[in-house]
Amino acid sequence: MTLALTLQAFLERKCIEYDLVEHRPTSSSISTARACRIPAGALAKAVVLRGRDGYFLAILPASRRLQFDGLKALFGEGLTLATELELDQLITDCTRGAVPAVGECYGLDVIIEDKVLQQPEVYFEGGDHATLVHMRQAQFARLTGKVRHGRFSAGHGGSLPANG
């Protein structure tokens, strides 16, 4: 099991309690939830977006899809998914598509879907496609307590696929 070094150092600096969950390599967050036998709502996927003022991380349950209209109301028009090249430049120590749901350690502003905050336990990518970070909501709240949150997701269908 590997954990992105930037994320590992950040979690240690913040004294966050967590454990790692190893799983077979997967290609989507829904597949990861199934492989780990965890509720898809408890798996927080991270999507990097580009807006007028730069990049930010949207965190939502793996069981849901982004609703760009909700985010555009908060961040304005011109909101798009970050490209693969941009992801490689922003998050240098993670495998493409395995972005951890902790933006602060990568210098990214964050917005969290309210549904993630309702989960008693949270799982998220550790930086590769075979390792999840697992922590209680209280620990996750210590990482995300001061970030924006709102409602910007919907059940599956009807929206663009996310890059997380």
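The largest nonpolar core of this predicted model has 30 residues. A nonpolar core is a set of buried Ala, Val, Leu, Ile, Met, Phe, Trp, Tyr and Cys residues joined through side-chain atoms within 4.5 Å. Buried means under 20% relative accessible area, with a 1.4 Å probe and protein chains only. Residues are numbered from 1 along each chain as its sequence is written. In this predicted model local features need pLDDT of at least 70 and side-chain atom pairs count only at pLDDT 80 or more, while totals for chains, interfaces and linings use all residues; side-chain values use heavy atoms, leaving out hydrogens and water.

**Cores**
- Leu7, Leu57, Ile59, Tyr106, Phe124 and Met135 have the most contacts inside the largest core.
- Apart from it lies another core, of 11 residues, including Leu49 and Ile111.
- Tyrosine 106 is in contact (heavy atoms within 4.5 Å) with Leu7, Leu90 and Pro100, among others, leaving aside neighbours within four places in sequence.

**Strand E6**
- Strands (E, at least two residues) are DSSP runs, numbered from the N terminus.
- In E6, 4 of the 5 residues are buried, so the rest of the structure largely encloses this strand.
- E3 and E6 run parallel, joined by 4 bridges.
- Leucine 57 stands opposite valine 110 in E6.

- Two strands pair if DSSP finds at least two bridges between them.
- An open sheet of 3 strands has the order E1-E8-E7, with antiparallel pairing.
- E1 and E7 stand at the edges with a single partner strand each, so one side of each has no neighbour in the sheet.
- E1 pairs with E8 over 4 bridges, and leucine 20 has valine 133 in E8 as its bridge partner.

Conventions:
Buried < 20%, exposed > 50% of the residue type's maximum accessible area, 1.4 Å probe, protein only.
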